[in-house]
Amino acid sequence: MSQDPGRSAIIGNIRRGLKRGPLPADQQAMLAGRLATHPRHLVPARGQGDSARLVASFMDNVLREFGTVQRLPDFAAVPGAISAYLAAQNIAAEITVSPHPELQAIPFADTPLLKVRFGKAEPTDPVTVTQAFAGIAETGTLMMPSGPERPTTNNLLSDTAIAVIRAARIVGAYEDAFDLLRTERAGMPRNVMMITGPSRSADIEQTLELGAHGPRSLHVLIVDES
Amino acid sequence: MLQTSRTFKENATSAMANAGLQRALTRARPQYAKKRLAAVERLPEFEALRDEARDIKNHAIANLDFYLETYAANVEKSGGIVHWCATAEDARKTVLEIARKAGAKTVTKGKSMVTEEIHLNDYLEANGVTPVETDLAEYILQLRHEPPSHIIGPAFHLNREDWEETFRKSHTDLPADRVFRDARDIQSEARLQLRNKFFAADMGITGANFLIAETGTSVIVTNEGNGDLTQTLPRVHVVVTSIEKVVPTVEDTLSLLRVLARSATGQDISVYTTFSTGARRPGDPDGPEEYHVVLVDNGRSGMVGTEFQEMLRCIRCAACMNHCPVYGVVGGHAYGSTYPGPMGSVLTPMLVGVDEAGQLPNASTFCGKCESVCPVKIPLTGLMRHWREREFERHLTPSAMRYGLSFWAWFARRPGLYRFGTRMAAIGLGLLGRRGGHLPRLPFLGGWTKGRDFPSPEGDTFFARYAAAQRQRNAGGRS
């Protein structure tokens, strides 16, 4: 099927080891069926439950992973919450916001002290605000698929990352988040980051230090408005 | 790295005399084990997940040809290019060629053991391409010209003074008398040094923890975020990975992720688990314009169908070395190969030959701790035993050991004599060590007792005790 010598060598060697030629058609069809249905395996109990339980355990796990979290009634409360958070951390009120429609609809103009720019983060931008596609209760994880509305760099370049997520988008297990992705996006996005807490390293004497190459802090705003 | 597995014994002796290394090992070792245990205890389903993880990898390997071809087809469908490389040399040349076509002068790198295995950095450097390691530990090792000593904590062997000294020597643009108050200051300095390099690089190289056949996706798992910057900012992203990393579906990957971080660092999940599929799409504000996968075999396909096939399940979590009493005393460099510890002792002879690395499978007490913590249940001691057999068959075992074994075999085939002899030895040694409970020196075993004490026998031999227990049971007694 291919003239590539490396490929023929590798595939040929594997088949010699397995003591067979290419898989017979019926077995190929069976494996193709497994790929098409991509069955789930055991999903731990901690990733299951009703919505209230999932939101609560999501919040617990964000805190456990050295993130911070705040629950807000609606999107109108977001600018005030961001201002207050930055002031408390003694960080300048200057934010780069991912161009997601949900974030673009937020009335930032009502909070004039907050300097807002929509777009992709520049290397020196101190604070980014992103919208999370889904939250995963199991480990307090945010799912961030790339696309025009969600630049990958906005998850990485700032010292302080703020993620906004609707409570209704918090699911139990990783599998649930990928189900949403399969339903709502045609095919796998170029990049899907699953983010759990701020960046860190324990390379120096196994001492955990936050803020390696990515954000030093991660603040999650959960919005109850649906 | 330089392959020095042949001199494992000498390496181990000097490692044990290295005070700095011993301090680092004593500090680091218990922490990994403790963190793993805590993570496992938080997840009641962990044991069941290990069985599933083993089964998923077994299924993938039993159909490896099918899944690799499906994976490659799906990478190509999403605009990526797959390069099949049978040998390390093919892989090195391929990466260089991609760099040359891209006009790349500097290349940032995320942590990748496969690039260590194929000695990529030296090769790129010799050919005018500058690799820049961006993982904090890999970065300092590059400055120190040292290989990693651990597969997930490459600077396992260093102490804080080593970090400070190396940074002072290397970052000459900073004031020489600056003070590092804590690890955070050291980390911040590395972050600043590397920031510009991320943006200046023309190409980024990462490894992969998993390859997903269903979607043509490569997955990396990191805590620092360096891997993500490496694969997002430069114009070209090259994934250097190996054939056994392929799994069928996203769901298979998610199940494996549940055991990976818990076994490795004791985290529930790593900070960044990133799925990459192809190059930048229309409308994407960022991401690489080219996406290449260099798929390395380097001896792995030869393990399929042999007793070593089970080793292909390995997901490189390092739990085996974190729990190994031998690794804990000699550290990673003594193994003299890219992969240290129990998994390295099984894999290395396959990669470089049993003549070169036959010593490594002997570097085990066979205590079995490694396989009891392996997330994919690889029977590591059994596999090391296979290597010992091959080494013996090929007469690679040192002659003193061969004579010793032959003597023992002669003795063991004469049960009466064997029982009498061992009983006399047990009584004799018991008398010798009756004060401290251990023997710091033994005749003819100076090499063994130099590094540890021999526990003095307490009571009788196993045979004698077993026989006594049998007699008691037959007499209707209860023990």
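Tutor: Start at one bridge: A:Arg166 has A:Val223 as its bridge partner in S12(A). The two strands involved are S7 (residues 160-166) and S12 (residues 217-223) of chain A, which pair in the parallel sense over 7 bridges. Helices (H or I, at least four residues) and strands (E, at least two) are DSSP runs numbered from the N terminus, and two strands pair if DSSP finds at least two bridges between them.

The model is predicted: local features need pLDDT of at least 70 and side-chain atom pairs count only at pLDDT 80 or more, while totals for chains, interfaces and linings use all residues. Residues are numbered from 1 along each chain as its sequence is written, with chains lettered from A and ligands numbered from 1 in the order in which they are written.

S7 and S12 of chain A belong to an open sheet of 6 strands with parallel pairing, in the order S1-S12-S7-S4-S2-S3. Its edge strands, each pairing on one side only, are S1 (68-72) and S3 (115-118) of chain A. From one strand to the next, the twist averages 25°. Across S1, S2 (94-97), S4 (127-131), S7 and S12 of chain A lies helix H4 (residues 78-88) of chain A, running at about 155° to S12(A). Such angles run from 0 to 180 degrees between N-to-C directions, and the axes are lines fitted to C-alpha atoms, for helices over the stretch in contact. Two residues are in contact if their C-beta atoms, placed from the backbone, lie within 7 Å.

Next comes strand S6 of chain A.

S6(A) has antiparallel pairing with S5 (residues 134-136) of chain A, over 3 bridges. There A:Leu142 in S6(A) stands opposite A:Gly135. The hairpin of S5(A) and S6(A) has 4 residues between the strands, and in it A:Gly140 takes a positive phi near 70°. S6(A) also runs antiparallel to S9 (residues 191-195) of chain A, joined by 4 bridges. In this pairing A:Met143 stands opposite A:Met194 in S9(A).

S9(A) leads across to the other chain. S9(A) pairs with strand S9 (residues 272-276) of chain B in the antiparallel sense over 5 bridges. One bridge joins A:Ile195 to B:Tyr272 in S9(B). For the two chains together, 75 residues of chain B are in contact with 58 residues of chain A. On the chain B side, the largest share, 8 residues, comes from helix H10 (residues 183-200) of chain B. By class, that side has 30 nonpolar, 25 polar and 20 charged residues. Ala, Val, Leu, Ile, Met, Phe, Trp, Tyr, Cys and Pro count as nonpolar, Asp, Glu, Lys and Arg as charged, and the others, Gly among them, as polar.

Two loop residues deserve a note on phi. Most residues other than glycine have a negative phi. A:Glu205 has a positive phi of about 50°, and lies in the loop between S10 (200-201) and S11 (209-210) of chain A. With 19 C-beta neighbours inside 10 Å, A:Glu205 counts as partly exposed. B:Ala318, whose phi is near 80°, is found in the loop between strand S10 (290-296) and helix H13 (319-322) of chain B. B:Ala318 counts as buried, with 25 C-beta neighbours inside 10 Å.

Chain A comes to 6 helices and 12 strands. Its radius of gyration is 22 Å, well over the 17 Å that the globule rule gives for 226 residues, so chain A is more spread out than a compact globule. That radius is taken over C-alpha atoms, and the rule is 2.2 Å times the number of residues to the power 0.38.

Definitions and conventions: Buried ≥ 20, exposed ≤ 12 C-beta atoms within 10 Å, placed from the backbone.
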